[in-house]
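Work through the exercises below with the model open. Each task is followed by a solution in steps.

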Amino acid sequence: MMRSAGSSLSDLFASINLYSSEEDVENKVILPLLSLLGYNGEDWKAQFILGKYKLDFLIQPKDSGLPYPPYLVIEAKAARKKISQNRWQINNYMRKSGAILGLLTNGYQFRLFYQYDGKIETVAQYSQTQLIAEFNRFYKLLCKATCLKIYYALTQRQQQVYSQFGNLISKAFANEDMLGLFRKKSNPSVGKDANQVDSILVEPENALLVNKVINRNSMIITVFNNKGGVGKTTTTINLAAALSKMGKRVLLIDIDGQANLTTGLGIDPLIDVEDQGKKDITHLLTEPRTRLEDTIIKKRWQNIELHLVPSHIRLSRMENVLNTTVGIDQVLEKKLKNNDYDFVFIDPPPSFGRVNGISLMASSGILIPTQLSAYPIRALEYVLDRINEIEQLKPLPILGIAVSMYDQRSSSFNSSMTEKLFDVLEKSGGADKVELFPEKTWIPRLNVLSISQDKGYPLYQAEFDDQLSSKDKEAAQKALERYEDLAEHLIEVSKERLSNNG
């Protein structure tokens with residue numbers, strides 16, 4: 001059966017080209033694909049109105065006869081459209097419709113999503129070639145037979161809940177007639193029917209969804225550059241959010257008196273910290289009895305959770321206090337020992353003051369954000385000099401240089417600035433120990449980045465902001481993919497560099 005399906009897929013893929021419109025993709029790819037999956041014309045609704053939106057395909061078999069959300073929604077794009085920028089759109093359709101599964105495609109790339117409790121995750125991504133090769137698994141998940149079995153299992157579970165609830169009601173009101181009704185209608189097959197889902201979706205050698213095992217080993221990273229305006233705080237917030245989405249526990253420490261990191265997470269240092277009698281970074285640094293957990297504020301957006309040690313403007317006036325406090329350089333390092341986080345990011349001011357020394361002494365690695373422009377690149381020499389000073393006291397590996405706010409339209413300028421960056425590294429003796437992160441991790445200059453920080457949320461929350469335009473949401477999705485690539489790269493580099501330094 002799969003050989004014939006593969007042949008059919010090849011035929012329908014051959015019917016489109018890179019200039020095919022969205023309508024072509026719908027008629028020549030999606031409709032034949034639905035037929036291959038066992039659905040007929042009564043099982044879906046095309047151009048389904050969903051509030052103020054129009055959904056391309058909503059799949060809910062007519063013969064299911066059940067008041068459940070749709071099993072699958074499909075959003076099509078023109079062949080030349082990059083579907084990665086429309087993830088926010090399919091997410092929105094899935095949440096509004098309650099759909100269990102979502103499929104986003106331009107006929108060449110296919111991205112499959114699963115929703116649980118409002119949280120939406122990517123299940124798999126396929127090219128045309130990959131879909132042909134792995135169609136068996138794709139078919140098992142999306143076909144009409146699976147859809148009906150899922151609906152049947154839901155019905156059985158619902159009947160079980162109704163039965164148990166009715167039983168409780170009959171006992172509470174001493175209604176013997178009701179009690180007899182539920183005794184007669186026991187259904188021992190409910191559990192068995194509901195558990196049929198396992199045999200539908202999971203292949204013994206390769207389950208579709210696997211729980212990830214997280215090995216916790218805290219990595220404390222200072223995001224450091226003495227040049228302001230290079231996207232340091234924006235990088236910190238959105239990199240942390242990307243790691244959180246991957247299941248990592250992340251703590252952010254704002255050790256800058258301007259408190260940009262704090263406000264960038266929607267926390268007002270006066271209203272939300274001082275007026276509430278909460279402790280901040282100044283208490284953590286200057287009060288011996290103040291513990292790390294005494295200062296943490298937890299923030300959550302959908303499935304993103306970040307913990308923060310907030311800052312306060314008073315920190316900018318405490319240089320003298322810090323300079324005269326015995327052992328101040330080791331205070332943060334000591335209070336971060338045995339913390340329960342995968343990653344701790346420290347965001348210091350763009351200067352070489354005492355708090356920067358405190359940050360660097362507490363760190364197990366340094367991430368250097370920069371723009372591809374002359375002055376920020378020139379400033380790298382001074383950053384490396386400062387790190388070399390700290391390395392006289394402790395090992396302090398540089399995890400790499402992360403590029404932010406780069407101009408996507410000026411490839412020749414970016415190339416010349418990259419050469420200048422390597423020249424600075426060579427002259428500073430950092431060429432052998434400092435890596436420029438790969439281009440796929442570079443964050444472009446986008447208005448939506450500053451908008452999200454001004455509004456006090458990580459970029460992941462942009463898809464839920466109804467005040468943003470579709471263009472801004474597409475731009476946000478593009479940047480998010482870069483941040484996810486940056487997070488994955490940082491994880492690998494961190495493991496390598498930190499293990500090499502014992």
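**Exercise 1.** Leaving aside neighbours within four places in sequence, which residues is S97 in contact with? Then classify S97 as buried or exposed.

*Solution.* The model is a predicted one.
Step 1. Locate the residue: S97 belongs to helix α3, which covers residues 87-97.
Step 2. List the contacts beyond four places in sequence: L50, P69, P70 and V73.
Step 3. Apply the cut-off for burial, under 20% relative accessible area. S97 has a relative accessibility of 15%, so S97 counts as buried.
Step 4. Examine the side chain. A polar atom of the S97 side chain lies 2.8 Å from the backbone oxygen of Y93, and a polar atom of that side chain lies 3.2 Å from the backbone nitrogen of A99.

**Exercise 2.** Describe the largest cavity and its lining.

*Solution.* 
Step 1. Count the cavities of 30 Å³ or more: there are three.
Step 2. Take the largest cavity, which holds about 130 Å³ of space.
Step 3. Its lining has 17 residues, with N91, K245, N303, Y460 and E463 nearest the centre. Two or more lining residues come from each of α3, β6 (119-127) and α20 (470-500).
Step 4. Sort the lining by type: six residues are nonpolar, five polar and six charged.

**Exercise 3.** Find where confidence in the chain is lowest and where it is highest.

*Solution.* 
Step 1. Start from the chain average, a pLDDT of 85, with 88% of the residues scoring at least 70.
Step 2. Compare elements: helix α8 (residues 190-194) is lowest, at a mean of 45, and strand β8 (residues 250-254) is highest, at 97.

Definitions and conventions. Residues numbered from 1 in each chain as written. Predicted model: local features only at pLDDT ≥ 70, side-chain atom pairs only at ≥ 80, totals over all residues. Heavy atoms only, no water. pLDDT = per-residue confidence, 0-100. Helix = DSSP H or I, 4+ residues; strand = E, 2+ residues; numbered from the N terminus. Buried < 20%, exposed > 50% of the residue type's maximum accessible area, 1.4 Å probe, protein only. Polar contact = N/O pair within 3.5 Å; in protein donor to acceptor, adjacent residues only side chain to side chain. Contact = heavy atoms within 4.5 Å. 1 Å grid on protein atoms, 1.4 Å probe; cavity = no way out; pocket = protein on both sides within 12 Å on 5 of 7 lines; lining within 4 Å. Points joined across faces, edges and corners; volume = space filled by probe spheres on them. Nonpolar A, V, L, I, M, F, W, Y, C, P; charged D, E, K, R; others polar.
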